[in-house]
Amino acid sequence: MKVAIGGDHAGFEYKKRLVEFLEKEGHEVKDFGPDSDGSVDYPDHVHPLAEAIEKGEQTLGILLCGSANGVAMTANKHQGIRAGIAWEEELASLTRQHNNANIICIPARFIDYDKTQSIVNTFLTTEFEGGRHGRRVDKISC
């Protein structure tokens, strides 16, 4: 799977570790930055990632920042994006099953790395259920 990853300085350390994990799992990973834990403006990394998913260049995305709110708000400005915040595996599963989310947003300051890795794995391995959920997802875009 082609997985896009990015975020801000608060998620940088987790992002580095996730890239290694994802590559070991056989995924093709594109890192949209940042390249250090120095302060950055997350929209500079989120918009290119979201555009790559909208264009079909990447399959799914992972965004990490302190609370996950800023990256989720930014990603969801894109018509072809459905970004959901998850701090538990069940939320990651439901956002894929029911909302067909194509980006998961993780609050790096509020959960440990092992939980983060588990959430990412759940997100990437869960399928959209379709059916009544498909009808609802079709109504999301403005």
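Which residues of α1 are buried? In this predicted model, residues are numbered from 1 along each chain as its sequence is written, and side-chain values use heavy atoms, with hydrogens and water left out. Local features require pLDDT of at least 70 and side-chain atom pairs count only at pLDDT 80 or more, whereas totals for chains, interfaces and linings use all residues.

Within α1, the buried residues (under 20% relative accessible area, with exposed over 50% and partly exposed in between; 1.4 Å probe, protein chains only) are F12, Y14, K15, L18, V19, F21 and L22. Helices (H or I, at least four residues) and strands (E, at least two) are DSSP runs, numbered from the N terminus. The cover over the buried residues of α1 includes β1, β2, β3 (60-65) and α5 (113-125). With 13 residues, α1 spans 19 Å from its first C-alpha to its last, close to the 18 Å expected at 1.5 Å a residue; the expected span is 1.5 Å times one less than the number of residues. Just after α1, G26 adopts a positive phi of about 95 degrees.

Strands β1 (residues 2-7) and β2 (residues 28-31) pair in the parallel sense over 4 bridges, where pairing requires at least two bridges found by DSSP. The chain passes from β1 through helix α1 (residues 12-24) to β2 in a right-handed β-α-β crossover; with the strands pointing away from the viewer, the path from the first strand over the helix to the second then runs clockwise.

The structure contains 1 aromatic pair. The ring centres of Y14 and Y113 are 5.6 Å apart and the planes stand at 70 degrees, so the arrangement is edge-to-face. Rings of Phe, Tyr and Trp (its six-membered ring) pair if their centres lie within 6.5 Å, with planes under 30 degrees apart counted as stacked, over 60 as edge-to-face and the rest as tilted. Because Y14 belongs to helix α1 and Y113 to helix α5, the pair ties together parts that are 99 residues apart in sequence. Y14 is buried at a relative accessible area of 18%, and Y113 is buried at 7%.

R17 lies over the face of Y113, 3.8 Å from the ring centre. A charge sits over a ring if NZ of Lys or CZ of Arg is within 6 Å of the ring centre and within 35 degrees of the ring normal. The charged end of R96 is likewise placed over the ring of F123, at 5.7 Å from its centre.

In helix α2 (residues 43-54), V46 is buried, with a relative accessible area of 0%. Leaving aside residues up to four places away in sequence, V46 touches L63, V71, T74 and A75 (contact means heavy atoms within 4.5 Å).
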